[in-house]
Amino acid sequence: MSDGFKGLRVYNTLTRKKEDFVPIDATNVRVYVCGPTVYDFAHIGNARPVIVFDVLFRLLRHLYGEDHVTYVRNITDVDDKINARALRDFGAQIEAGALTLNEAIRRVTERTARQFHADVAALGCLPPTVEPRATEFVLPRPDGRTDMVKLIQRLIDRGHAYAAKGEILFDTASMSDYGSLSRRRPEDLKAGARVAVEAHKKNPADFVLWKESSDREPGWQATFTIDGRPMTIRGRPGWHIECSAMSAAFLGETFDIHGGGLDLIFPHHENEIAQSRCAHGTQAMANYWMHNGFLQVEGRKMAKSEGNFVTIHDLLHTDTFGGRQWPGEVLRLAMLMTHYREPIDFSQRKLEEAEAVLDGWYRAVGDVSEAGMICADTRGALLDDLNTTGAIAALHELRAQAAKGSEGARASLKASAALMGLLGRTAGEWFSAKAARADVDAAAVEEKIAARLAFIREKNFAQADRIRAELLDKGIQLMDYKDPETGERRTRWETRP
């Protein structure tokens, strides 16, 4: 086995099996993950890949060294949805000549990108190594990095693209194994299934690389040479070519891992592979393809029409979900309690469970200042295709040992949780922040809880009930539960309006 193998195994969507992860270059492990299209605030479904691949990023840095991992996550800031939002929000100013369309689009994308960064930081995610914006890679660049126009011209020159009706399209029939990621055959692709079938296409699966822009759409002047003749089209790139250009610009023609949500396998990732391999003449765009599973909310597919569409911002800062605000760390743990490849049902109950777990872990670690050794069981679980559920089980075991007075377990719990982006604060900071959100004295509440539990052990239930009622009058509700490790009675609390 290569020196680059560190014990990590990942499920590769391309081969449909779990494989040893061996990087191309162990001194520069390269990862690309599709980022947000910044036309609106990111929803909770968008949070899942951000959290999942942040755990992968942390694990790779742990294995290969912080300076030996390059993580690229793009921002898509050119898209028809962005155009529509700009016209909706700034249409009057555009009509009056106070703003150009491009200026309006920039305002939309800058505002939503700022909010995205604030949201994912609250979820405990590290910033990627590089975060390119699509609009900065449309035309040839002074630094010579790969751009979309040059990539499209290369596809034309190699016989993989053609012009029709003001568009440049990729010719899927020119690639013998098109469809290998999604296991779809081109001849089976018909109208529907996210494939637009139009008369000017040679094949139903052919997709747009460059499309003509109207006066009310953003556009770039690009000249392509087709059959020896120049053709200038004021237009904009298709969706898929963006990621092919930006990944090549920072990671090269072939890199290690490409990640994203399950919904991106077809057509987005399939078409990225087609463009990149055909433009560069390579056997692979990325050696490993990792995809997180779908998310539903309270048992239903998330949709505005269902009334269960929830943004990260809503969860963090409003009372629209469960009647309260939720700390970012709670959202993060709630996501990681389900294996990344499995579907997840995001619910208030799951958030409450995650918060109770974090309360217990923070009580166990206290204000320990130094992290200890990372638990072998936690590390081993993460090495097995990011098995966060197994890693969390190992953290529960550490917490049980810490509760029995083991200082080593306390320090190890802190370090092991940190590998997953958890327990980043001290217990004092965690409970103080919790109290600040409710405007209560957390230390005083904890003292009352401790006194009540002592009364219960003494079977003095009248005094225990008195404390419960006293706290409830102040808007603090107590919830008893059984410690899963020791079987002892525990109590968590939350404020109620």
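This is a predicted model: local features need pLDDT of at least 70, side-chain atom pairs count only at pLDDT 80 or more; totals for chains, interfaces and linings use all residues.

Colleague: Is α1 roughly parallel or roughly perpendicular to α8?

Modeller: The axes cross at roughly 80°. Angles from 65 to 115 degrees count as roughly perpendicular. So α1, relative to α8, is roughly perpendicular.

Colleague: Which residues of α8 make that contact, and how many charged residues does the contact have?

Modeller: On the α1 side you have I44, A47, R48, I51, D54, V55 and R58, and these meet L331, R332, M335 and L336 of α8. Sorted by class, the contact has seven nonpolar residues and no polar ones, and the charged count is four.

Colleague: Which elements do the buried residues of α10 pack against?

Modeller: Helix α10 covers residues 376–383, and its buried residues are T378, A381, L382 and L383. After α10 comes D385, with a positive phi near 55°. The buried residues of α10 pack against β1 (9–12), α1, α11 (388–403) and α12 (407–418).

Colleague: Over to the hairpin: which residue in the turn has a positive phi?

Modeller: Strand β5 (residues 161–164) pairs with strand β6 (residues 167–170) in the antiparallel sense, over four bridges. A164 sits opposite E167 in β6. Two residues lie between the strands of this hairpin, and the one in the turn with a positive phi, about 55°, is K165.

Colleague: What is the largest C-alpha distance among the residues UniProt lists for "binding site"?

Modeller: The unreviewed UniProt entry lists C34, C243, H268 and E272 under that heading. They're spread over 239 residues of sequence but cluster in space, with a largest C-alpha distance of 11.0 Å.

Colleague: Is C34 buried or exposed?

Modeller: C34 lies in the loop between β3 (29–33) and α1 (44–64). Its relative accessible area is 13%, and the cut-off for buried is under 20%. So C34 counts as buried.

Colleague: And what is the relative accessible area of E272?

Modeller: E272 is found in helix α6 (residues 265–280). Leaving out residues up to four places away in sequence, E272 touches C34, H240, C243, S244, H258 and M285. E272 is buried, because its relative accessible area is 0%.

Colleague: Last one: which listed residues does C34 contact beyond its sequence neighbours?

Modeller: Setting aside neighbours within four places in sequence, the contacts of C34 include R73, N74, H258 and G259.

Conventions:
Residues are numbered from 1 along each chain as its sequence is written. Side-chain values use heavy atoms; hydrogens and water are left out. Two strands pair if DSSP finds at least two bridges between them. UniProt positions are given in the numbering used here, feature names are shortened, and annotations may be inferred rather than shown by experiment. Buried means under 20% relative accessible area, exposed over 50%, partly exposed in between (1.4 Å probe, protein chains only). Contact means heavy atoms within 4.5 Å. Axes are lines fitted to C-alpha atoms, for helices over the stretch in contact, and angles run from 0 to 180 degrees between N-to-C directions. Angles under 35 degrees count as roughly parallel, over 145 as roughly antiparallel, 65 to 115 as roughly perpendicular and the rest as oblique. Ala, Val, Leu, Ile, Met, Phe, Trp, Tyr, Cys and Pro count as nonpolar, Asp, Glu, Lys and Arg as charged, and the others, Gly among them, as polar.
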